[in-house]
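Here is my note on the model, as requested. Please read it with the structure open.

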Amino acid sequence: MDSTALHDLFRSEVRDEATPYLWSDAEIYSYIDDAQKMFCRLQGGIADASSAITRLSVTAGDVFVPVSPLILKIREARRSADGHDLEILNFEDMQSHRSVDDYGYRSGYRIDNTVGLVKAIVVGMEANKIRLVHIPQEDQSIDLIVYRMPLVPITAGGQALEIDEHHHRHLLHWMKHLAHQKQDAETYDRGRSDMFRAEFLAYCDQAKAEREKREHKYRTIGYGGY
């Protein structure tokens, strides 16, 4: 289902198929765009390992590297040249990460200006940037596996939605929630708006649980003596 099909289905379900319309085409496409984005925020985002935003260009001497604001979560990072996995560190967890070993020395990574191979990235220090550990001596790139927001906003008919098709119809709940917030005597309905919002949130919870179950890796537990 593309944006045109969802637009037409919305008009059919809210019985707004005759002119003058209660909701303009521009409003409906904005509802589709917001519904897809809200679904991504609540369900966790679109899995991506191949679009342009998943490859970061690093220049020698870089300390911070910009990342797309569309990225919700970095799941994995590796040096492009040799495929070496980079540890992903949360800034808030750095102190606990640096544990004291048996000789009284702190182990783990430090946020300093050490020059060398990039071994890790730190998230959460600056908005839409990662901090490199260590500072690279030469230009290189880093490949990411991420969860992200849609790359292209929905603004007109004929546009493909980026979330899986079996979710498309359920975007109508959020679209109707927004539609019934429109400040007009013929469209505003607080009760219906709240009802459709609740239905959308419930569906997003279900979709998130299903995704997490699908992605969960089961481990085999071995027991001694067997």
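The numbered points below go from the overall layout to single residues.

1. Overall layout. This is a predicted model. The protein chain has five helices and eight strands. Read from the N terminus, the order of elements is α-α-β-β-β-β-β-α-β-β-β-α-α.

2. The protein chain has 226 residues, and 36% of them count as buried. Take the contacts with a separation of 6 or more: 67% of these come from residues 24 or more positions apart. The accessible surface of the protein chain is about 13400 Å². Carbon and sulfur atoms hold 48% of that surface.

3. Helix H5. This helix covers residues 190–215, 26 residues in total. From first C-alpha to last, H5 reaches 37 Å, close to the 38 Å expected at 1.5 Å a residue. At the start of H5, look at Asp-189: a side-chain oxygen there comes to within 3.2 Å of the backbone nitrogen of Gly-191.

4. The buried side of the account for H5. Which residues of H5 are buried? They are Ser-193, Phe-196, Phe-200, Tyr-203, Cys-204, Ala-207 and Arg-211. Note that an arginine, Arg-211, is in this list. The cover over the buried residues of H5 includes helix H2 (25–43), strand E8 (140–148) and helix H4 (171–179).

5. Ser-68. This residue is in the loop between strand E3 (64–66) and strand E4 (71–79). Is Ser-68 buried or exposed? Its relative accessibility is 17%, so Ser-68 counts as buried; the cut-off for buried is under 20%. The side chain of Ser-68 also reaches the backbone nitrogen of Leu-70, at 3.0 Å.

6. A nonpolar surface patch. Phe-91, Ile-111 and Met-125 make up this patch. Together they have about 230 Å² of accessible area. Phe-91 sits in the loop between strand E5 (85–90) and helix H3 (94–97). Because its relative accessible area is 39%, Phe-91 is classed as partly exposed.

7. Arg-110 belongs to the loop between H3 and strand E6 (120–123). With a relative accessible area of 51%, Arg-110 is exposed, the cut-off being over 50%. Along the chain, Arg-110 and Val-133 are 23 residues apart. Their C-alpha atoms are separated by 7.7 Å.

8. Cis peptide bonds. Pro-20 lies in the loop between helix H1 (3–13) and H2. Another cis peptide bond joins Val-133 and His-134, where omega is about 10°. His-134 is placed in the loop between strand E7 (129–133) and E8.

9. Positive phi at Arg-15. Phi of Arg-15 is near 55°, a positive value in a residue other than glycine. Arg-15 is in the loop between H1 and H2, and the loop between H1 and H2 also holds Pro-20. Arg-15 is exposed, at 76% relative accessible area.

10. Positive phi at Asn-128. Here phi is near 60°, again positive in a residue other than glycine. Asn-128 is found in the loop between E6 and E7.

Terms used:
Residues numbered from 1 in each chain as written. Predicted model: local features only at pLDDT ≥ 70, side-chain atom pairs only at ≥ 80, totals over all residues. Heavy atoms only, no water. Helix = DSSP H or I, 4+ residues; strand = E, 2+ residues; numbered from the N terminus. Buried < 20%, exposed > 50% of the residue type's maximum accessible area, 1.4 Å probe, protein only. Polar contact = N/O pair within 3.5 Å; in protein donor to acceptor, adjacent residues only side chain to side chain. Patch = residues over 30% accessible without salt bridge, like charges linked within 9 Å, V, L, I, M, F, W, Y side chains within 5 Å. Areas by Shrake-Rupley, 256 points an atom, 1.4 Å probe, with all protein chains shown as cover. Salt bridge = Lys/Arg side-chain N within 4 Å of Asp/Glu carboxyl O. Expected span 1.5 Å × (residues − 1). Contact = heavy atoms within 4.5 Å.
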